[in-house]
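Here's a quick briefing on a two-chain model, sorted by topic. Have the coordinates open while you read.

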Amino acid sequence: MPAVPPRSPYGTGHLRGERTFPEAAHDELGNEQLRRNLGRATHSIRAKRLDVTGELPDWEQLRDAGSAIKTDTMNRLPGLLEQLERKVTEHGGTVHWARDGVEANEIVTRLVRRTGSDEVLKVKSMATQEIGLNEHLASQGIAALETDLAELIVQLADDRPSHILVPAIHRNRDEIREIFLRRIPGVDPALGAAPAELAAAARAYLREKFMTAEVAVSGANFGIAETGTLSVVESEGNGRMCLTLPETLITVMGIEKVLPRFQDLEVFLQLLPRSSTGERMNPYTSLWTGVTPGDGPQEFHLVLLDNGRTAALADTIGREALNCIRCSACLNVCPVYERTGGHAYGSTYPGPIGAVLTPQLAGMHAAKDDPNSSLPYASSLCGACFDACPVKIDIPSLLVELRHQHTEQSKTTAEKLAMTAAAAVMKRPKLFTAAQRTAGLGRVLAGRDGTFSRLPPPFQGWSDSRDTPAPPPQSFRSWFASADGAATMRAAAEEGARHTDDDPQEAQ
Amino acid sequence: MRIALFATCLGDTLFPEAVKSTAVLLARLGHDVVFPPQQTCCGQMHVNTGYQREPVPLVRNFAEQFGDPSIEAVVMPSGSCAGSVRHQHEIVADRYGDAALRAGVATVKTKTYELSEFLVDVLDATDVGAYFPHRVTYHPTCHSLRMLRVGEKPLRLLRAVEGIDLVELPEADACCGFGGTFAVKNAATSSAMLRDKMDHIAGTGAKVCTAGDSSCLMHIGGGLSRIKSGTRTLHLAQILASTRTAPHALTEAAR
């Protein structure tokens, strides 16, 4: 059997939090302001998305097409990537291959150094977040400035993004105003909290940077193998500035972002904006192919990032997660994300897709002690994410699959013993019936209202806010086998027979 | 029709009234209801918690108990257990089972139904002759809604109940936060979801919150009981089985 491809190296980048999901979520849940901000934002974006997806008569066919193109892409990823490399090179770009975040960070640092600049402009990018590029550049004496408004807010606040698309979703206007007053040099102290005023302050700050910066670093929403074209979609125009003004452009792209044909954009440029921002079309779609003499960046580098993606691809079930186009629709409909926010997931990729993608890219190394091993359980499996996903990734099934991988990898735990014991009892009807009887005896321990208000570990969290009914004196099976049960069923059957006589249509 | 009732482990042990109501209702509609006594549990809790080897004997037992060709339909008062039989047994059998198990699972899967889909799709019955004069709100459980796609079926059944005052639950399709072991492993998040669900239920002024899954109702009912809300939970089957001649205890008490 071939060796499992390497995952993202342990201890680098942002694919692993410090604490398990339940621990981190507990603190976030206590933050009322955060929950209000999140609730408001997710509800409004949810409604917008439903409006604009509902108005397309072929939305379901678009989802099918998106899913089919992505699946086809993953099935022949190596060939497509080589084609992309060939085409980018033909058009005057340079392609670099990075096995992991460490390599990608080194490549970008080397390329920036070569320009002689110690400052880079950033286009919002999940791939560079994932590998911790900004932090790495800072450690090498290179300042990276985020130009997306929300990403800038997060950066100025020394915070971490809480959402794939709306990184500052957990902040409100007043908080943002505070951050700007504190961190933007020369900002007007009379700055108000109106969105237009906040945007204007950020614009003034960024404009000067756009005009002077020599290097920009971006991610890519799509890379077209057929033509070597790269694409970034965005709302603010900051991306367009970064992609066109500096002399050197470095794009870091996860290898799963490749699409076979230029025409495939037809599908994804409909699916992505409608699913992510609830807009029919995003305001700026930038497409570039290599370099064009005298127009735009004269030096273009494409860094193709693996960082665990090949490992995910090697997983016959889990690979479906690579189809993700990072629209964040699953976050916005997820009841768990809505209450906890993105930080609880500890990864660049929060929410339902993050709970699938993160353990796949970075592994669940130290079994139960690895925070990533708690992520597949950070879901009630309600399925809202599956319904919302524009490329129909069956996230609940993938979560169940990852849970299975986790229990298979972990050593014997109390839970595993309990599950084995439960199965041993439940596979033998006699034992099951005996266990029911024993449980029924537990009634003597219940309160006067027939419920338990306190349960022992590991159920104490459950009983903190829920009463649990004591098992009633008679199980269904013993009632059904009893004289009383038989009589009741006979009477019901007689009524059924009368019913059938009255109205032969009703029952066959 | 010869119908085998699957009581579900939770229904059998903790919520027998929901299963009794299912049995009585089906008999009343003129069907032959049998209870294969060797049945136990569908194994959903195992699969959803990440265990797929352990429930193999449960899946096998289920296929054996309900594989009998004389059984025309397997009906259960649980959307999530029906979802497990229809979607998860195959996964377990494919991975850890043998050819016989895979064949058994495939056979049983096609005749397995959750109560409301069985009534509406198979029996073509929406008015089951029920009488329940109370204000009721309906919570569509996630697995009924998104795994089985029962859609409006439970509501069509409820709307046909005589005397009922059916009120719409705001944000009905939001998860109540149960999710099996999720409620234990992520108790705080689950509680936060439950609080919102209970607020919405309170807003309807309903005396009863109903659903097609005892597990979700155990969660919601446990929360409502803790805050002494005055609203109680009842399984959909209990409302549908309540008639003028044999009213539900709640209706009798209200007289």
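Arg149(B) sits in the loop between helix H8 (142-147) and helix H9 (153-159) of chain B; helices here are DSSP runs of H or I with at least four residues, strands are runs of E with at least two, and both are numbered from the N terminus. Its phi is near 55°, a positive value in a residue other than glycine. At 47% relative accessibility, Arg149(B) counts as partly exposed, where buried means under 20% relative accessible area, exposed over 50%, and partly exposed in between (1.4 Å probe, protein chains only).

Some ground rules: this is a predicted model, local features need pLDDT of at least 70, side-chain atom pairs count only at pLDDT 80 or more, and totals for chains, interfaces and linings use all residues. Residues are numbered from 1 along each chain as its sequence is written, chains are lettered from A and ligands numbered from 1 in the order in which they are written, and side-chain values use heavy atoms, with hydrogens and water left out.

- Arg326(A) belongs to the loop between helix H13 (309-313) and helix H14 (329-333) of chain A, and it is buried, at 9% relative accessible area.
- Pro457(A) and Pro458(A) are joined by a cis peptide bond, with omega about 5°.
- You'll find Pro458(A) in the loop between strand E11 (451-452) and helix H21 (460-463) of chain A.

- Glu54(B) lies in the loop between helix H3 (44-49) and helix H4 (56-66) of chain B.
- With a relative accessible area of 15%, Glu54(B) is buried.
- Setting aside neighbours within four places in sequence, Glu54(B) is in contact (heavy atoms within 4.5 Å) with Lys416(A), Met419(A), Thr420(A), Ala423(A) and His46(B).
- Glu54(B) and Gly43(B) are 11 residues apart in sequence, and their C-alpha atoms are 8.6 Å apart in space.

**Sheets in chain B**

- Four strands make an open sheet with parallel pairing, in the order E2-E1-E3-E4 (chain B); two strands pair if DSSP finds at least two bridges between them.
- Strand E2 (32-34) and strand E4 (112-114) of chain B are at the edges, and each has a single partner strand, so one side of each lacks a neighbour in the sheet.
- On average, neighbouring strands of this sheet are turned by 35° against each other, direction ignored; axes are lines fitted to C-alpha atoms, for helices over the stretch in contact, and angles run from 0 to 180 degrees between N-to-C directions.
- Strand E1 (residues 2-5) of chain B runs parallel to E2(B), joined by three bridges, and Arg2(B) has Asp32(B) as its bridge partner in E2(B).
- Helix H2 (residues 16-28) of chain B packs on the sheet and touches E1, E2 and strand E3 (73-76) of chain B, with its direction at about 180° to that of E1(B).
- Helix H7 (residues 115-122) of chain B packs on the sheet too, touching E1, E3 and E4 of chain B, and its direction makes about 105° with that of E4(B).
- Elsewhere, strand E5 (residues 135-138) of chain B pairs in the parallel sense with strand E6 (residues 165-167) of chain B over three bridges, and with strand E7 (residues 208-211) of chain B, again over three bridges.
- Val136(B) is opposite Leu166(B) in E6(B), and its bridge partner in E7(B) is Val208(B).

**Chain A: sheet and overall numbers**

- An open six-stranded sheet with parallel pairing runs E1-E10-E7-E4-E2-E3 (chain A).
- Strand E1 (94-98) and strand E3 (143-146) of chain A are its edge strands, each pairing on one side only.
- Four bridges join strand E2 (residues 119-122) of chain A to E3(A) in parallel, with Leu121(A) partnering Leu145(A) in E3(A).
- Helix H8 (residues 149-156) of chain A is mostly covered, with six of its eight residues buried.
- The cover over the buried residues of H8(A) includes helix H6 (126-131), E3, helix H9 (173-183) and helix H10 (195-212) of chain A.
- Chain A has 23 helices and 12 strands, and 56% of its 508 residues count as buried.
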